[in-house]
Amino acid sequence: MEESYRISTSAMATAATILDDIDDKFCQCCLCFKQYKDPRHLPCLHRYCSGCLDEEIQRTHGDLKCPLCQQDADVPEEGAEGLKKDFFMNEIIEFLDIKKSFQDEETHECGDCSKMVKARSYCFKCSEFLCDGCHEYHMTKKSLKEHRPYLLTLKDVKTKNLTLQKLSSLKQAPMCKIHQDDVSRLCCKTCENMPICTACTYGGHKSHEIEDAISLATVKKENLRNQLAILTKSTDKIKQEVKKTLQLQKDIVATADTKVAELDHDAGEELNKIGKDIEVVSEERSNVAKQIRDKWEGEHEQRQQAFEDKIERLRKEHEEMEHQFESDMDRNIEKSNETYSKKESKLLSKQENVEKQLQEGKALIRKEKENKLGKTEGAIVNGKSTVERMQNLIETGSNILVSENNWTAIQNADRVCAASGSLIHELGGGFSELDEVLEYPQVRLLLGRAEKMKISHTTVKDVAIDDIKRKEWYINGVAAAPNGTVVITGGVSEQKQAHISVIKLDGKISKQKLIGSNDPDPCCYCAFFRNDEFAIATHCNANIGLYNADNNTYHSTDLRKIISKEVRVWGITADGSNDQIIAGCEDDPVLYVLNGELQLTRTINLPQIVQSPADIVVNNGTIFICWESSTSAYAINMEGELLYQLPTPDSTNCTLPFSMCTSNSGSVYVLLVESYDTSSVQECVITQYNPDDGSLLTTTPLRAVKGWMATADIDGAEKLLLPSQSGGMLRVYGLEED
């Protein structure tokens, strides 16, 4: 995305510009592409023909935007006629018309003697062409001495060094509209800077605010000069910002490439290890089968030798034993094959999972890369547009400063100052929205290798969620996305509603959605699903829904209508990779599986030992369940078969499983409490289990308020989140390898 950046000024002209150097297109209206007719200024200082603007006002039904910069423009009641005249462009066009008459040797009536002649000079004071004789009369007659500074001759035009500044000096001050023989040397500020003469101050403008035109123009020019100095400085700053942003785009691409390379490297190492593990398992299976075969063949030979002398008498017995030996051998080999097939299948599943995570991680990085490039591209376009607007203001202001026509400054300086002041204020924020554009969400491979983790006994961060705490709302669930987005859910008792809140770790709520509930004590649970979506379940009305944390939208379905049964949801978990949302209900030994379209796809009957799930999580096809009526948690497969019971640690009074979650490594964490009935601080234990066999890895005692758990990547490391049911507190615990 490399591109050179500059602003073209070929179509601009300053007061010091040689008039013969002005491009014809400079005097062309960009709407009709003809020479300006009665040019008028919009507030952005772009100019158009008065007639073209009236057509544009009619076309847009009064909702006028500048065709060049798209800036809104208020339309006066009288239409384009009410907009400011462009004195600067009118002077240029008048000169070009006079120049053309000189060059084409057009015949004009002399303003003094009325002869039809080829004009050689023009008097701006008389506003008439002059013949040679009358021109000489102007130059010699004392009574016409004051006309001489306002004479333009063919010789002046031919020298090709006449500037806009010089042309401005040829123009005399406007004549009074009331006393048409008097020059307007005063300005009535009460009447919007109307040019007036001295006699007017004794008539209709008596008691009005009057100022000398030259003095007023001097003040306004000085104000304009100061404002343009500030604007010029701001223009240089914006150019530097654009340059930095172009470099930032390169850094974004480089960072994304580095992230993908790192992810490729990590996945490659893990896939190589899995491949080697598969080879080891395959070799072990062959070796064990061979050992079994060798063992049974050896025993067969020994028995055959022992009964060789009794073969005739014991043939029948020998045949039966032979058959039994072969049957036992086949059965043991088959059992061995089943064991190792399961191991091999599990490794292949892990391999598929790593490859899938690799693709999802790359897709997430690509999406972030496109979003960030889009932000910077927008900033660059805005920066370029802003610089063009600045240069337009600077050029227009500069023309006013050097113009000898004081009325140009009186009529236009305030508008340029106002426009530049507004633009400078608009630029105060710079490119601050790009400060965090290089930050990428954490993308990790969930390798499913349970490592012993040490949980900090004290919190590494206590977050007071201001809005939840102040309103005394409840928290019944917490979940986190891989990109660090944290969602909490719970009840709003006084409103019979449930809340879904996206929180930041400074205690602020960035997004929030309230959903209806007919429960006087509503509960709401959540689980991360995929991308920016979270699965949501409300207790009483049994609604299962999906909440998008990016655009703060929510839609749901009533589980009771789907299954034609009155139920209350007690737990929810989700597996976005397999398009599964799993819900458990109070006093119902069935789990309900829905897809991302919130359609029921299947049901799972729970083992008899598990009758009512209080909290559930799913991890690589294994479902872990807390049951309040039991002192244990259980693991089942997707067919509802009991795999194992999670052991409770010895030497603790905390034996009641309240909530559970999984980590990036695949470990299962269970919160054990002494009592379900208290909402105050009590002795608790957090246990960590290996998901492969349910073995207890670590035990961490702590004092806390019971609540639901989740893990999240915070500041580049995985943390354990434990919000309290009431009080609006979120406690963050550290996780480190033991």
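A cavity is a set of points on a 1 Å grid over the protein atoms alone where a 1.4 Å probe fits but cannot get out, and its lining residues have an atom within 4 Å of a point. The structure is a predicted model, in which local features need pLDDT of at least 70, side-chain atom pairs count only at pLDDT 80 or more, and totals for chains, interfaces and linings use all residues. Residues are numbered from 1 along each chain as its sequence is written, and side-chain values use heavy atoms, without hydrogens or water.

Four cavities of 30 Å³ or more were found. Helix 8 gives the largest share, four. Helices here are DSSP runs (H or I, at least four residues), as are strands (E, at least two), numbered from the N terminus.

A nonpolar core joins buried Ala, Val, Leu, Ile, Met, Phe, Trp, Tyr and Cys residues through side-chain atoms within 4.5 Å. Buried means under 20% relative accessible area (1.4 Å probe, protein chains only). The largest core holds 43 residues, of which I544, L559 and I581 touch the most other members. Strand 22 (residues 569-575) contributes four, the largest share. Apart from this core lies another of 26 residues, including L45 and C417.

No disulfides (cysteine sulfur atoms within 2.5 Å) were found. The cysteine sulfur nearest to that of C66 belongs to C44, 3.5 Å away. C66 is buried, at 0% relative accessibility.

Technical notes
Buried means under 20% relative accessible area, exposed over 50%, partly exposed in between (1.4 Å probe, protein chains only). On a 1 Å grid over the protein atoms alone, a cavity is a set of points where a 1.4 Å probe fits but cannot get out, and a pocket is an open set with protein on both sides within 12 Å along at least five of seven lines; lining residues have an atom within 4 Å of a point. Grid points are joined across faces, edges and corners, and a volume is the space filled by probe spheres set on the points.
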